[in-house]
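Visitor: I have the model open. Walk me through how to read it, please.

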Amino acid sequence: MEFRLHPVAMIRAILRPIDPPLFLLLMVLLAAALVVMQSASPARMEAQLVNTGVALALMWVTARIPAPRLLSLAMPLYVVGVVLLIGVALFGEISKGAQRWLDLGVARIQPSELMKIAMPLMLAWFFQQREGAIGLVEFLLAGVLLAVPVALIVTQPDLGTSLLVAAAGLYVIFFAGLSWKLIVPLVLIAVLGLGSIVAFGDTLCQPEVDWQVLREYQKHRVCTLLDPTSDPLGKGFHIIQSTIAIGSGGMFGKGWMQGTQTHLSFIPERHTDFIFAVMAEEFGLIGALALLVVLFMLLLRGLMIAAAAPTLGTRLLAGAITMIFFTYAFVNMGMVSGILPVVGVPLPFISYGGTALVTLCIGVGILMSIQRERALSQS
Amino acid sequence: MTEFRSPDQDVSRLRVRLVVAGVFMLLCLSLLAARFFYLQVLRFDYYHTRAEDNRIALVPVPPNRGAIVDRNGKVLARNFAAYTLDITPSQVEDLDETIDRLAEIVDISDYDRRRFKKFREESKFFESVPIRTKLTDEEVARVIARRYLFPGVDVQARLFREYPQGDLLGHVVGYMGRINSRDVDQIEARGKTANYRGTEHIGKRGLEESYEEELHGKTGSEQVEVDAGGRKVRLLSRRTAVPGNSLILTVDAGLQSVAHQAFGERRGALVAIEPSTGGVLALVSSPSFDPNLFVDGISVADWRGLNESPDRPLLNRAIYSAYPPGSTFKPFMGLAGLSTGKRTAQQAIADQGYYMFGGHRFMDDKVGGHGMVDLHKSIVQSCNTYYYMLANDLGIEGIADFMRPFGFGQITGIDLPGESDGVLPSPDWKRKRFKKPGQQKWYGGETISVGIGQGYNAYTPLQLATALSALVNDGVMFKPHVVKYVVDPQTGARREVEPKPIRQIPLKPAHLAAVRAAMVDVNITGTGARAFAGAEYSSGGKTGTAQVYSLKGTKYKEGNVAERLRDHSWFIAFAPADKPQIALAVLVENGGFGSRSAAPIARQVIDYYLLGKRPAGQASEDEDAPADQ
C-alpha cells in the first residue's frame, strides 16, 4: 500500500520542483511563441513543439537538482566548455563563414551555447568558494575566468554570443559587489566608445577604415545600424523591413496570419531573430506591450528569487541568469526595432531554435531549483 | 549549507544591486515601449504606406496588337504566345555565373548571350530581359522545377509577332523590334509613355511602323500583391487592356504572290493600284526579306546577309528608289501637249531621225526616223523626235506645271514609311539642287532630254503607278494607300482609309481618250504587243527604258559592273481598257528593253487579277507559305 503511488501524490511529486509563477509566465511565452510561429513559419510548428517539450523536460530535470549540486557542477561544465571551444577552434565545422559547430558524432553542438550557462555557474561557484574574503584578487581571477572563453568565442568569430557570455559573467561580478568606483569608469568608457562610433560613424564607416578590433562584418553591422539606407538591399534591408513591419502594425496589428510584411517574405529571418517583427506587425502595439509586460514579470520573479536565495552562490547565479534573460530580450527587440545593431541574438522563449530554447529553459530550471532550495532551507 | 555565514551587509548590498538591476531593466524595457509607440502610433501612417508600397505593385498589361490581313482576310501578321526565359539583372548577383548554370538546363547559344547583352544595354536596370525566347514545354518544366535555384530568373508568357507569309510582304507589312532608346524618345515626344509601359516591341518598318498607334492598343493595368522577390501573389484589381485595331489591306496576297514570283531573282519593283480607289493591290520590291527574322532580335549573320547583299533586299525600291521614267513618260507628255493646246491629236511632225537643238543632234532610236508622226503613232512607236520638239514647245516650266498635279517628284503620301520624292526637274529645282552658280542655270538642251523621260527625271515606281491611275481614272486622283479599313476588333466597327479623291485634274475626255487609245494600241501593235498577245481582255501599256543613272549614287562592285550598267526596264499598264480595274508600274533593274523583261511581268499580274489565271509553273501562294496553316 505504501509503495503504490496515489495519482494526486504523483502529480504533487511531479509538480514539486516547479515554481508556479515562473512556470505560468514561461507557459504564456511559449504559447505565444507557438501562435506566432504558426504565422511566421507553419512548416516549423512540429519541430517547435518537439523543442518546447524537450526544453520543458530539461527544465523539470534541472529544477529537481538541488542548487548546491548544480553549483558543484560548475567547474566540470566550465572545463568541458573551454575544452570544447578549443576543439571548435581546431576541428570545428564552418557554417555561414564562422566556425561554431562541433560534430561529436551523435550530435552537432555549439559549445559557445553551453558557456552561456557554464560561465555564470562557474563564477557564482568561484565567488561562493571565496565568500567572506572577496577582494581585488578575486575579481581579477574572475576576470581571467571570464576572458578565456569569451576570447575563444570572439575568434570564431561570433560577436553576438561572445557579448552575451561576457555579459553573463559581468553580471555575476557586478552582483558579487565589484566597487562602483570601478564599475562607473568601465560603463563610462563603454558609453563613450559607443557614443563616438555614433558621432563619427560617417568617417569610421568609410570602406578603407580598418577597425582593427572588429571584423569586417561586425563593422558592417554597426555601420548599417547608423545608416540603414546606405545599404538598402543588403544588411540594411533587414532593419528597414522589420521596422516597416512593426510600424505598419499600428495600435492593434493587422491580425493573426494577416501580416503582409511577414507573409510576403519582406521580413528576413522571420522565424528566428526577427520573429518579434512578425508579432508586432500582426498584434500591434498592444501585443508588443503585452510581451514586454510578461517578460518584465518573469524578470521580476527572477530578481525576487535571487534576493531570497539562501547562499551567495545561488544569489549570484539567480541574479545573473535573470539579467541574461533581460539582455537577450532587450538586444533582440532593440535590434529588430532599429535602435541596436544587428547581432545574432534570438528573442528568448519565442524565436525558433532548439539549442537556445533548451539553454533558456535550463536557466529557468536553475531559478526554480534555487527557489526550492530557499523553501527547503526555510523549513 | 556553507560553514561561513555571509555577513548581513553583503546580503543587503546585493539586494541594493538587484533593485538597481530591476530599475535598469524597467528603464530599458520602457525605452523599447517608447520606440514601439513611436513606430506604431506616431509614425503609423508612414510605415503603413511603406508596407502597402512593398506589397502592391501596379503591373502594366500590354494590349494585344492588332492583326493585319489582306483584302480577302488572309492573315499577314498575327500574334502567338510563347514562353521566354527572363533574367532581372538587378536581382542577380553574378550574371555570367547564373547564365552558365541556366545553360546546363536549357540551350543558350552565343547568339542568345550576345542578344541578351544588347537588350540589357537598352533596358532600364530593374527590367527583366529575355535570355531565351520560344522555350519548349519541356524546357519550361525544367526551369520551373529549379526556379528556387535561380533568384531573379523567371519564365514568362509573351506574345510574339508572326508573319505567316514570310518574305511575300516584307516591305509592306514591315516588322517589329525591341523598343530602343530612340524609340523611347519618340514615344515620349508623342506623349505615349504611359501607354507603352510593359510593351517591349514596337513597329520598326512598313505598316507595323506607320500604323503603330492603331495596332498597339491601350495598355491596361493590374494591381497585384507581390512578395519580397517581386513575384505575383494575388490579383487585387484589374483594368483590362484594349486590344489594338486590326488592318484590312487593299493588297491582294494572291496577286502579290504572282507578282513577287514573276520577278524571280531579278531586282526591281512593282506597284499595282486600283484606279477608282487608289488602293494598292500589290507592292513588290525584289528581292524581299522575311520579317520573321526580326521578331526576337535578328542574328548577326542574318543581318549581315540582308544589309551587305549587293541586291539590297532591305531597300524598298517601290517607294524609295527613283528612276528616270524613260518612254513611260511619253503618254503624260502627249497629254500635256493636248491639254496645253500645243498639239492636237491629229497634228503630225516629220521625223527625220534626229532633232537639232543648240548645235546638238538629239537622236531617235530608229535610224532615218519614223516619218510623219502624230500623237497616236508617237506613243505606239515611242518616237523620240515628236517629244523632243514637244518638250521644246512646252518649255521646262510648262512640263513641270503640267506634271505636278499627277504627283511626279512629290511624296504621294502612301501609308508606308520611308517614301522618297524623286525629281520633277525645273529651273527652280536645279537652283536649289546645285550649289555652284555655274551648275544652277537651266539649259534648253536639258528640257529636250526631259521630254523623253531621261535627264534629271527620277520617279519612284509608286509615283508612276499613281500618275497612271489618275490618267486612266479621268484625272480623278486618289492618295495611294495600302490599308483599306482600320477595324476595331471589339465592336467590329470599320473606318475606311482615304475613301475620297484628293483632287480632280482638269483634263478633257477627248484628250484622255486619245492618249489611252494610243496606249491600247501599244499592247496590240506596239512594244507591248508580244507580251500581251492573246490576252482575253483589252489593255493599255507603255514600255520604257531608263538609262542607268541613280540620284542616290549606288556603288556597285566592279565584278558586277557590266550587268549592273544595263538600262532599267519599265512597263506601265492598265486593264481593262474601257474601265480599268488595275493600273500598274513595273521596273526591272538592268532589265534592258521594257518590252523584254518588264512587260511580261505586267501581263502575268493582270492575267491573275482579271482572270484568276496563274502563270504556268508558279506555285499558289498557299503552298508558297507553309507557315500559314
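Visitor: In what order do the five strands of the open sheet in chain B stand?

Guide: Some conventions come before the answer. This is a predicted model, in which local features need pLDDT of at least 70, side-chain atom pairs count only at pLDDT 80 or more, and totals for chains, interfaces and linings use all residues. Residues are numbered from 1 along each chain as its sequence is written, while chains are lettered from A and ligands numbered from 1 in the order in which they are written. Helices (H or I, at least four residues) and strands (E, at least two) are DSSP runs, numbered from the N terminus. Two strands pair if DSSP finds at least two bridges between them. Here the order is β12-β11-β23-β22-β21 (chain B), with antiparallel pairing.

Visitor: How many bridges join β21(B) to β22 of chain B?

Guide: Seven, and the two strands run antiparallel. In this pairing, B:K542 stands opposite B:I572 in β22(B).

Visitor: Which residues have the most contacts inside the largest nonpolar core?

Guide: In soluble globular proteins, nonpolar side chains tend to be buried together. A nonpolar core is a set of buried Ala, Val, Leu, Ile, Met, Phe, Trp, Tyr and Cys residues joined through C-beta atoms within 7 Å. A residue is buried if 20 or more other C-beta atoms lie within 10 Å of its own, exposed if 12 or fewer, and partly exposed in between; C-beta atoms are placed from the backbone. The largest core has 121 residues, and those with the most contacts inside it are A:L123, A:A124, A:V172 and A:A320. Beyond its neighbours within four places in sequence, A:A124 is in contact with residues including A:L71, A:V172 and A:A320. Another core, of 118 residues, lies apart and includes B:I319 and B:L464.

Visitor: Why does A:H263 count as buried?

Guide: Because it has 21 C-beta neighbours inside 10 Å. A:H263 lies in helix α13 (residues 260-263) of chain A. The C-alpha atoms of A:H263 and A:S41 are separated by 9.2 Å, although the residues are 222 apart along the chain.

Visitor: How many residues of chain B are in contact with chain A?

Guide: 38 residues of chain B touch 42 residues of chain A. On the chain B side, α1(B) gives the largest share, 20 residues. The predictor gives the complex an ipTM of 0.90 and a pTM of 0.68.

Visitor: Where are the cis peptide bonds and positive phi values?

Guide: Most residues other than glycine have a negative phi, and most peptide bonds are trans. In this model, a cis bond joins B:S286 and B:P287, with omega about 0°. B:P287 sits in the loop between β12 and α11 (300-307) of chain B. The bond from B:A575 to B:P576 is also cis, with omega near -15°. Phi of A:E269 is near 45°, and this residue lies in the loop between α13 and α14 of chain A. B:N590 has a positive phi of about 55°.

Visitor: Where does the pLDDT of chain B stay under 50?

Guide: pLDDT is the predictor's confidence in each residue, from 0 to 100. Where pLDDT is low, the predicted coordinates should not be read in detail. It stays under 50 over residues 549-561 of chain B, and residues 621-629 of chain B are also below 50. Chain B averages 88, and chain A averages 85.

Conventions: Two residues are in contact if their C-beta atoms, placed from the backbone, lie within 7 Å.
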